[in-house]
There are 2 protein chains.
Amino acid sequence: MVNFTPVKHMKASDEIGNQLKNAIFEGKYVAGDKLPSERELIELFQISRTVVREAIKGLEASGLVEIKQGAMGGAFVKLMTFERLTNVCQELFIMEKMSFAEVCEARLQIEPMVAKLAAQNCTPEMAEKLREASRNEEHILDYPDTVYLRQKVHYILADMSGNRFLAAIVKSLLQVISNATTKFEPSHDKVHPAGLHDGIIEAVIAQDGQQAEAEMREHLQAFTLRLNVVEKDYRDTEK
Amino acid sequence: MVNFTPVKHMKASDEIGNQLKNAIFEGKYVAGDKLPSERELIELFQISRTVVREAIKGLEASGLVEIKQGAMGGAFVKLMTFERLTNVCQELFIMEKMSFAEVCEARLQIEPMVAKLAAQNCTPEMAEKLREASRNEEHILDYPDTVYLRQKVHYILADMSGNRFLAAIVKSLLQVISNATTKFEPSHDKVHPAGLHDGIIEAVIAQDGQQAEAEMREHLQAFTLRLNVVEKDYRDTEK
DNA sequence: AACTATTTGTTCGTATGTATG
DNA sequence: GCATACATACGAACAAATAGT
């Protein structure tokens, strides 16, 4: 049996798009590198400018490169970050592939576990960072637009877990919940009692994983329960 | 203070790409719908062919539409699935933004929890589905290329959790681990003792969440430990 | 400040490929 | 086989942004 190869042609733009993509995945181009210019790609692939541009447009839409115009411009490989995960989560939520309740439940399940890991990995430097974040929470009212501060403790704990994937998931969920919440409860940012995270923080610093997990669960449960009700009301009034 | 609006222009292709994207997010076009044809878009946006094509190419790369050519062709809105989450996870892994060990650990943390949820939601129909999947596992050797069968129990349990986000995460992790494993241990598919999941399945059917969680954790721990070693060896020999 | 070179952004005209009826 | 409707591809030109001289 002769091993004939299929003659199916991909679209030219997909073909060269894939070649460039693979080159990036293989590390031939790393973050900050410039891909060959359009004219060069025309030469390299022996193909028209239109096709080259469509291919690069695809890479841009996939979040792999950033295009700058002008002299010294071109398609630059972007630093691959977990931001892409967050974007996908956000889109899945918008497209109603997951409900607010599901997102909250996922957070309720995962974040306590992450807090436990954080407690197990807690170092003196991390402990100080946590304490500082906690102290700053009291000043949030002075900077009403720093949503980040409100969530800073959660972000730090996520990073402390030592698992970049889990950290990214937690941050993505936080982001989705935060975006949704400001939609149906614009005043939410302003109500945030100081010292809210103290229980969690102390447990983590004491490296008491069990306790950290329990404190985080309790912290989220009250919060989540109320939000779910508010969100449901909001959805009902929408109709 | 007059509320002047910024005059910064986006690229035309991005501009109309965003408008189309938003229309999709807002449900103006749903899965299966056809976007206006290139000619129509030219009319609607009063813009050139090339720009329209680049915009649509962007949507295609983002996974939002699928382009068919020929009469009755055009850009059709794709059904938004969790596949996108899996793709991003796969890419993050390839780009070394997360290690094999981290992926395994995440699975080890999340899947037992999902098994617990599955146990809490177990219905008679689901129980039967699980039993059938378990029985079929013995026949896997007859169909060596059905990777899916090997993981079927895990997939069913994920769906049983009742949380689409958690299910998607579990499936994505499974996929990443599976892809990586076949790289450094091609023979892996063939070794899969029958009845491996029986402990988990029985606990889930008995609706014993605690037990299901424990069984799943044990099931994964042995598996994970060995794989981590094999993977490390593989990485070392690569250099 | 003005000029030049380089690179991407946009347009138009034309031709070809592909699927439907 | 043919007409139609659509996407794919090419090439030439001009516009706009940016960096360096």
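How do the residues of the surface near DNA strand C divide into nonpolar, polar and charged?

Modeller: The model is a predicted one. In the surface near DNA strand C, eight residues are nonpolar, ten are polar and five are charged. Turning to secondary structure, at least two residues of the surface near DNA strand C are supplied by each of α2 (38-45) and β2 (74-77) of chain A, and by each of α1 (12-25) and α3 (49-61) of chain B. The largest share, three residues, belongs to α3(B).

DNA strand D may be described in the same terms. It is surrounded by 22 residues, of which A:A12, A:S48, A:G70, A:A71 and B:E38 are the closest. Here two or more residues each come from α1 (12-25) and α3 (49-61) of chain A, and from α2 (38-45) and β2 (74-77) of chain B. Helix α3(A) gives the largest share of the surface near DNA strand D, namely three residues. The classes in this surface are eight nonpolar, ten polar and four charged residues.

The relation between the protein chains can be set beside these two surfaces. Chain A is superposed on chain B by a rotation of 180° with 0.0 Å of shift along its axis, at an RMSD of 0.1 Å. This is therefore the relation of a two-fold axis. The two copies use the same surface, since 97% of the contact residues of chain A recur in chain B. To that contact chain A brings 32 residues and chain B brings 31 residues. On the side of chain A that touches chain B, the elements giving two or more residues are α1, α3, α4 (83-94), α5 and α8 of chain A. That side consists of 17 nonpolar, six polar and nine charged residues.

Helix α3(B), which gives the largest share of the surface near DNA strand C, also packs within its own chain. Its axis and that of α2(B) come within 9 Å and cross at roughly 110°, so α2(B) is roughly perpendicular to α3(B). From α2(B), the residues B:E38, B:L41 and B:I42 meet B:R49, B:V52 and B:R53 of α3(B). Three nonpolar, no polar and three charged residues make up this contact. Residue B:E38 of this contact is also among the closest to DNA strand D.

Helices α5 and α8 of chain A, which were named for the side that touches chain B, also pack against each other. Helix α5 (residues 100-120) and helix α8 (residues 164-184) of chain A meet at an angle of about 140°, with axes 10 Å apart, and α5(A) is therefore oblique to α8(A). Their crossing is left-handed. Among the residues making the contact are A:F100, A:V103 and A:I110 of α5(A), together with A:L166, A:I169 and A:L173 of α8(A). By class, this contact has 13 nonpolar, no polar and two charged residues.

Terms used: Residues numbered from 1 in each chain as written. Chains lettered and ligands numbered in written order. Predicted model: local features only at pLDDT ≥ 70, side-chain atom pairs only at ≥ 80, totals over all residues. Near = placed C-beta within 6 Å. Helix = DSSP H or I, 4+ residues; strand = E, 2+ residues; numbered from the N terminus. Nonpolar A, V, L, I, M, F, W, Y, C, P; charged D, E, K, R; others polar. Axes fitted to C-alpha atoms, helices over the stretch in contact; angles between N-to-C directions. Parallel < 35°, antiparallel > 145°, perpendicular 65-115°, else oblique. Left-handed = near helix turned anticlockwise from the far one by under 90°. Contact = placed C-beta atoms within 7 Å. Least-squares fit on C-alpha atoms with pLDDT ≥ 70 in both.
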